[in-house]
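Please look through the sequence and the coordinates together, keeping the strands and helices in view as the explanation moves from one region to the next.

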Amino acid sequence: MTALLKPPIRYSASLEQPQPDEAEAVADMERSFDTILETTSKDYGKAVRAVHAKGHGILKGELTIHDDLPPELAQGLFATPGVHPVILRFSTNPGDIIDDAIGLPRGLAWKVLEVDGERLSGAEGRTQDFVMVNAPAFAAPTPQKFAGNLKLLAKTTDKAEWAKKALSYVLRGAEAALEAVGTESTLLKTMGGSKNVHPLGETYFSATPFRHGAFVAKYQLVPVSPDLVALTDRVIDTSDRPNAIREDMQADARRVRGEWEVRVQLLRDTDAQPIEDAATPWPEDVSPFITVATIRTEPQDSWSADQVAEVDDNLRFSVWTGLAAHQPLGGVNRVRKPIYDHSVQYRRRFNGCPLHEPG
């Protein structure tokens, strides 16, 4: 019950505990990114993202920030009621563009435009990015484990797609068996054991913590319109359809009216809600998600040539693009800044085209 909740904890720099080996983890991840980027740019003739390379759909809509929010929720971007343009990019996590028959977690990066306020260091423009996955926690708890996951991803880039498809079939069976007894494996899902669910019906999470103005929070995006809820848990048939997810999303986006609630989960207990362990979900009985805003989209072409060129080719999404009031927190977020910048600089050099924040 809400009355029994602990009060939200105010942000303090002491909540973070940087470790001395984080620079070593960054160096390892940059080497993995170089392997992925050099391999894929040779294959495709252009540089693509080192992670979440394959986009499935792009939508444009509006974010409406609710009024009369309590003070602990009316923070940062959400402090001022109003409407902002928003761009959403749906994807899956590898750095190569692979057959959709390989079951992988869904990603959603969304960019809020016309955002004013003090910026994070190096954050250009007037935008606020949110980078999310369809799981409540990150795939690795620490920078070192994150570096290990990327090393494995680099080794499998551009390798025997037929074998990946076969492995995915086996891993999906193993994951289904775990879920049947009430558990799950983030590793199995990340390696190909995820169900090929429709991106528009999924709930997405920031997975890692951020400043929420004077407080600390994680974020969630929940489909609530009937059109989206009807797609929740729908498994896409990928048989002999390497781009099945994109095709189904494009067909559905032309008729769907989308509405998602943006929800905030405040930090209330540092033991139950760790800052430095990104792989541990924050319990909702300790701190529930509370709605602060709504995203709405109208029916549209989710893979039009102009939007692919504008968003998929020429935009970047990063947790470090935005307001100082939403500073990313924890080890995984700290190392995301240099390695994402590393990937962007490679794309800029190889493609000979700077990436700009939209006006």
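**From an enclosed helix to the strands and a helix pair**

The buried residues of helix H6 pack against strand E1 (55–65), E2 and E3. In this predicted model, those buried residues are Ala244, Ile245, Arg246, Met249, Gln250, Asp252 and Ala253. Because seven of the ten residues of H6 (residues 244–253) are buried, the helix is largely enclosed by the rest of the structure.

Strand E3, which spans residues 106–112, is mostly covered, with seven of its seven residues buried. In a regular strand the side chains alternate between the two faces of the sheet. In E3 both faces are covered: Arg106, Leu108, Trp110 and Val112 are buried on one side, while Gly107, Ala109 and Lys111 are buried on the other.

The pairing of E3 can be followed in two directions. Strand E2, residues 82–92, pairs with E3 in the antiparallel sense over seven bridges, and within this pairing Leu88 stands opposite Trp110. Strand E4, residues 128–133, also runs antiparallel to E3, and the two are joined by six bridges; here Ala109 has Val131 of E4 as its bridge partner.

A helix pair can be considered next. Two packed helices are described by the angle between their axes and the distance between the axes. For helix H1 (residues 22–44) and helix H8 (residues 331–351), the angle is about 30° and the axes are 10 Å apart, and the crossing of H1 and H8 is right-handed. On the H1 side the contact is made by Glu22, Val26, Met29, Glu30, Phe33, Asp34, Leu37, Glu38 and Ser41, and on the H8 side by Gly331, Arg334, Val335, Pro338, Ile339, Tyr340, His342, Ser343, Tyr346 and Phe350. Sorted by class, the contact of H1 with H8 comprises ten nonpolar, four polar and five charged residues.

What is the separation between the C-alpha atoms of Ala27 and Val335? Ala27 lies in helix H1, and Val335 is among the residues of H8 that make the contact with H1. The C-alpha atoms of Ala27 and Val335 are separated by 9.8 Å, although the two residues are 308 residues apart along the chain. Ala27 counts as partly exposed because its relative accessibility is 28%, a value that falls between the cut-offs of 20% for buried and 50% for exposed.

Methods:
Residues are numbered from 1 along each chain as its sequence is written. This is a predicted model: local features need pLDDT of at least 70, side-chain atom pairs count only at pLDDT 80 or more; totals for chains, interfaces and linings use all residues. Side-chain values use heavy atoms; hydrogens and water are left out. Buried means under 20% relative accessible area, exposed over 50%, partly exposed in between (1.4 Å probe, protein chains only). Helices (H or I, at least four residues) and strands (E, at least two) are DSSP runs, numbered from the N terminus. Two strands pair if DSSP finds at least two bridges between them. Axes are lines fitted to C-alpha atoms, for helices over the stretch in contact, and angles run from 0 to 180 degrees between N-to-C directions. A crossing is left-handed if the near helix is turned anticlockwise from the far one by less than a right angle, and right-handed if clockwise. Contact means heavy atoms within 4.5 Å. Ala, Val, Leu, Ile, Met, Phe, Trp, Tyr, Cys and Pro count as nonpolar, Asp, Glu, Lys and Arg as charged, and the others, Gly among them, as polar.
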